[in-house]
Amino acid sequence: MGEPGLRQAIRRQFDRRALPALAAGTLLVLVVLFYYPISTVFVDSIFVDGRLTLSVFWTMLSDPFYFGEPARLLTGDSPAAVARATLSPDRRLGIVGFTAYQAAVSSVASVALGLPAAYLLARYEFPGRRTLRSLTILPFVLPSMMVAVGFVATFGRNGTLNGVLTAAGFQRVELLFTLEAVIIAHAFYNAPLVARVTTAAWESVDASAVETARSLGASPLRAFRDVVAPQLYPAVLMGAALTFVFTFSTFPIVLALGGYQLATVEVFVYRLVGEFDYAEAAALALIELGISLGLLYAYLRYEARNTVQRSGGDPLPRKPLLPDRWSLRESVPRLGLAVYAVLALAVFVGPIASMLLASVTGPDGLTLAHYQFLLRRQATGAAFQVKPWDAVRNSVLFAAAALLIALPMGVVVAVLTTRDYRGRKLVDALAMAPLSVSGIVVGLGLLRGLVFGVEVGDTRLAVGGALAIVGAHAVGGYPFVVRTVGPELDSVDQSLVESARALGAPRARTLVDIELPLVWPAVVAGAAFAVALSIGEFSATVVLATGTSQFTMPIAIERFIGRRLGPATAMGVVLLVVTSVSFFVIDRLGGEDVGF
């Protein structure tokens with residue numbers, strides 16, 4: 001065989017084995033960065049002082065501090081006494097009970113705020129409707145600490161809300177470090193999710209079914225109740241269930257707006273890590289993980305049974321937001337939407353606007369003192385203090401490094417989960433598991449595993465905090481690449497792929513030469529999501545960066561927010577600017593309505 005023939009043979013072997021090799025590499029990365037750390041958390045919870053025990057779990061399950069009054073059943077109290085205590089006004093919810101309670105209230109608030117938005121987007125036509133519908137994806141990538149500092153600037157004692165109230169002659173209100181502030185912030189994040197899934201269901205309603213009901217004498221209200229509403233209920237419940245899952249695992253919002261006095265499970269795990277109580281932190285993290293996975297499984301089962309399928313008929317026609325002729329029937333819903341628009345602006349735009357305003361104002365009016373403080377801190381700050389430029393640099397470098405891992409992982413997993421073969425659903429479930437595990441748990445696992453080191457023979461292998469942070473960001477970001485690229489790969493015309501295969505192109509060559517160029521906007525969008533999520537990630541980073549100099553912008557905001565609101569808002573604006581670059585990439589290169 002000549003040299004050209006040898007090169008062709010090597011290339012054919014490479015093309016044939018490239019995809020399996022990439023799949024094996026992706027699996028290895030996932031094991032090292034996700035499954036091994038999670039197993040480390042499990043081991044920490046059952047091996048205490050070198051011996052196998054379940055005492056930590058038993059102590060927690062029987063402690064009302066964690067599980068409220070029902071925990072007394074495990075200590076021998078009678079069910080009647082526990083029932084009376086549970087129904088009494090001074091009952092104890094416990095950390096887990098309070099977490100579930102705030103998640104339930106947050107779900108109700110998110111549904112109440114999201115449904116009118118779904119009604120507006122699904123039933124009315126107006127300039128900017130498609131853009132507004134696309135903006136419902138923002139909560140997936142907006143940095144939580146940036147939003148938190150915006151809410152502090154809004155609800156703080158000297159915040160925007162109290163400024164408006166005092167100017168109008170009303171008394172100040174104290175909303176900061178209250179459950180109400182946490183609920184409103186959760187609604188900020190999750191109401192767009194409810195609106196998005198409900199809008200999709202509303203747009204799938206067949207107009208002919210409604211017309212049939214009307215022709216049989218049903219009033220508009222009766223037609224809505226009997227035809228439209230039953231098709232919306234599953235979507236609304238799905239949105240509420242997903243909101244409950246997300247807010248049950250909440251961390252940055254509660255830490256910033258509620259503090260330890262309103263601690264959820266995640267916040268208390270973080271506190272235990274700070275106190276070096278790793279066994280109790282691991283056990284509580286696993287209890288939370290078990291509850292979260294159970295909730296997610298129940299949600300997925302419900303979604304599988306009740307997913308609204310788009311009918312073959314025409315969707316309901318949308319009305320113009322400004323009608324040609326005004327009447328009572330036309331005016332009432334639009335008046336309601338006008339009131340809702342004011343409320344929505346206060347909830348969704350108010351915090352970001354308050355952050356921008358607070359960053360350039362002080363007691364004497366407009367000022368750049370907060371940005372000057374950041375510059376002084378960078379120039380004169382001590383080694384143990386957060387330096388703004390270092391935080392920006394770390395965030396950008398971590399995001400770039402995480403992208404180098406997350407993007408190929410995400411593309412490979414997207415390919416593997418869109419092919420038809422036995423075991424595909426298992427691969428999908430194993431690969432997408434990071435979506436259901438909180439950043440605190442991943443961070444704790446990486447800290448106790450890779451950062452503290454692994455014994456291999458007589459050698460202890462350990463990685464630095466920066467590498468662990470990059471790994472945590474990659475694990476958190478690659479599922480979003482999968483969710484943007486996967487649906488687009490599914491929609492590729494298979495005749496093109498089959499023609500290439502019939503001409504002798506290997507599977508990997510077909511993927512590189514035909515499929516990926518066709519879904520390139522989705523790949524770019526997935527990359528932008530991964531970068532934005534890395535830049536804004538807080539939960540795993542704060543665990544891994546504690547005691548190190550590996551601060552990121554969200555951690556800088558958290559360090560400033562308790563002492564200096566002005567610099568915290570200025571740092572929030574810097575984070576907003578950096579994150580906005582990702583949105584620009586999505587808008588210009590990622591295309592419209594990609595993923596999710």
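Modeller: S534 is buried, at a relative accessible area of 3%; buried means under 20% relative accessible area, exposed over 50%, and partly exposed in between, with a 1.4 Å probe and protein chains only. The model is predicted, so local features need pLDDT of at least 70 and side-chain atom pairs count only at pLDDT 80 or more, while totals for chains, interfaces and linings use all residues. Residues are numbered from 1 along each chain as its sequence is written, and side-chain values use heavy atoms, with hydrogens and water left out.

S534 belongs to helix α23, residues 520–536. Helices (H or I, at least four residues) and strands (E, at least two) are DSSP runs numbered from the N terminus. Leaving out residues up to four places away in sequence, S534 touches F398, A399, A402 and H473, where contact means heavy atoms within 4.5 Å. With H473 there is also a polar contact, side chain to side chain, at 2.7 Å. A polar contact is a pair of N or O atoms within 3.5 Å; within protein, one must be able to donate a hydrogen and the other to accept it, and residues adjacent in sequence count only if both atoms are side-chain atoms.

Helix α17 covers residues 388–416 and packs against helix α25 (residues 553–561) at about 145 degrees, with the axes 8 Å apart. Axes are lines fitted to C-alpha atoms, for helices over the stretch in contact, and angles run from 0 to 180 degrees between N-to-C directions. A391, V392 and S395 of α17 meet M553, P554 and A556 of α25. Of the residues in this contact, five are nonpolar, one is polar and none is charged; Ala, Val, Leu, Ile, Met, Phe, Trp, Tyr, Cys and Pro count as nonpolar, Asp, Glu, Lys and Arg as charged, and the others, Gly among them, as polar.

V463 lies in the loop between β8 (459–461) and α20 (465–490) and is partly exposed, at 28% relative accessibility. Beyond its neighbours within four places in sequence, V463 is in contact with L450, V451 and A468.

For the whole protein chain, there are 26 helices and eight strands, and 49% of the 596 residues are buried. Of the contacts between residues at least 6 apart in sequence, 75% join residues at least 24 apart.
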